[in-house]
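Please keep the sequence and the structure in view while reading.

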Amino acid sequence: MLRAVTEPAADQPTRSVAVLTHIHRREAIEAAARCIAGLTARGIVSRVPAEDLAQLGELLAGCAVQELDQSAADTDCELAVVFGGDGTILRAAEWAVPRDVPLLGVNLGHVGFLAEAESHELDQVVTAVVTRSYSVEERMTVQVTVRDRPRSENGQTVWSSFAVNEVSLEKGSRERMLEVLVAVDDRPLHRWGCDGVLVATPTGSTAYAFSAGGPVIWPGVEALLVVPLQAHALFARPMVLGPTSDITIQPLVSYDNRGVVWCDGRRSVDIVGGMEVEVLRSEHRLRLARLSMAPFTDRLVRKFDLRVEGWRGAAEARTP
């Protein structure tokens, strides 16, 4: 049962909140429907993407719901509530980041590092949205530009996007390594034969970069993380660079040197030798709504289920 909250005064403008859902998880659909019903009872309109509306269907009977126009450049939504795991939040970020809309994630996935609340905390989520009792944390994102040839050779942009977690350049052929030259601030750094190279944000340091052997970077640190993927080289360590660094990755011109650029594992483009991938800090920020001021250390321990009692504490716990 949702707790009662004082409804907004009749003379106040109608408030609207975007609601995005992992439409292939029944528990996410049901939680989203409950949230929308709770918001409707408080006079808040929910904006829902068309594909999500089709799945929610009859669960929204009697609710104040409108279709979310994801193609519009602007929005009057004050917040986006997302039901799912990190993948669903990254999907929501594609719409929210360019429009500076804060995201409030409700975890119905596995780790859910970007999520703020768990599914059993739905009552608190609705209350926080209604009363605006949340803070907004801002994190850096990156902008990626793919050119048909290096910028120094007057290369033209053929594709661009942004990433919340990471930009990865990965080999296009399983049986071949990708030959790349990495440069920082227009100065060559290293040439690698590898499976790929990724550039991650501090937010993404606990995602793909972490599984590839990169360090965890606290969200408050403004930095870029470069991680070679299975590089055949003596020097292939992850590197933490300054936030204003200009990183370029150039697949070398050679036979069948093909690759794929991925942004957050969701948007991609194929490239070939001689092209250039540039990664910079983006002017847009990821805005995450937070319900508590718990430090990142606590989140890291909880999400990764880290042992904190130590071997001495464990031994003492076994002592009768």
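Contact, as the word is used here, means that heavy atoms lie within 4.5 Å. Helices (H or I, at least four residues) and strands (E, at least two) are DSSP runs, numbered from the N terminus. The structure is a predicted model, in which local features need pLDDT of at least 70 and side-chain atom pairs count only at pLDDT 80 or more, while totals for chains, interfaces and linings use all residues. Residues are numbered from 1 along each chain as its sequence is written, and side-chain values use heavy atoms, with hydrogens and water left out.

The protein chain contains seven helices and 18 strands. Its C-alpha trace spans about 65 × 65 × 35 Å along the principal axes. Of the 320 residues in the chain, 49% are buried; buried means under 20% relative accessible area, exposed over 50%, and partly exposed in between (1.4 Å probe, protein chains only). Among contacts with a separation of 6 or more, 68% join residues 24 or more positions apart.

Helix α1 covers residues 26–41. Its 16 residues reach 23 Å from the first C-alpha to the last, close to the expected 22 Å, where the expected span is 1.5 Å times one less than the number of residues. The buried positions of α1 are A28, I29, A31, A32, A33, C35, I36, G38 and L39. An α-helix has 3.6 residues a turn, so residues three or four places apart point the same way. The buried residues of α1 pack against the strands β1 (15–21), β2 (44–48), β3 (65–67) and β4 (80–84), and also against the helices α2 (50–56) and α4 (122–131). Just after α1, G43 adopts a positive phi of about 80°.

Helix α4, one of the elements against which α1 packs, is itself mostly covered, with eight of its 10 residues buried. These are L122, D123, V125, V126, T127, A128, V129 and V130. The elements that cover them include α1 and the strands β1, β2, β4, β5 and β6 (117–118). Just after α4, R132 takes a positive phi of about 55°.

Strand β1 takes part in the packing of both helices, and S16 is found in this strand. Is S16 buried or exposed? With a relative accessible area of 4%, S16 is buried. The side chain of S16 makes a polar contact of 3.2 Å with the side chain of D76. A polar contact is a pair of N or O atoms within 3.5 Å; within protein, one must be able to donate a hydrogen and the other to accept it, and residues adjacent in sequence count only if both atoms are side-chain atoms. Leaving aside residues up to four places away in sequence, S16 touches I44, V45, R47, D76, C77, E78 and L79.

P98 sits in the loop between α3 (86–96) and β5 (103–107), and counts as partly exposed because its relative accessibility is 35%. Beyond residues up to four places away in sequence, P98 touches A93, F162 and H284. S205, in the loop between β12 (196–200) and α5 (208–211), is buried because its relative accessibility is 0%.

Backbone geometry is the next topic. Most residues other than glycine have a negative phi. D185 has a positive phi of about 55° although it is not a glycine, and lies in the loop between β10 (178–184) and β11 (187–194). D264 likewise has a positive phi of about 55° without being a glycine; its place is the loop between β16 (258–263) and β17 (267–272). D185 is partly exposed, with a relative accessible area of 40%, whereas D264 is buried at 8%.

Finally, the structure holds one cavity of 30 Å³ or more. On a 1 Å grid over the protein atoms alone, a cavity is a set of points where a 1.4 Å probe fits but cannot get out, and lining residues have an atom within 4 Å of a point. Grid points are joined across faces, edges and corners, and a volume is the space filled by probe spheres set on the points. The largest cavity holds about 30 Å³ of space. Its lining consists of K171, G172, S173, R176, M177, L178, D256, N257 and R258.

How values were computed: 1 Å grid on protein atoms, 1.4 Å probe; cavity = no way out; pocket = protein on both sides within 12 Å on 5 of 7 lines; lining within 4 Å.
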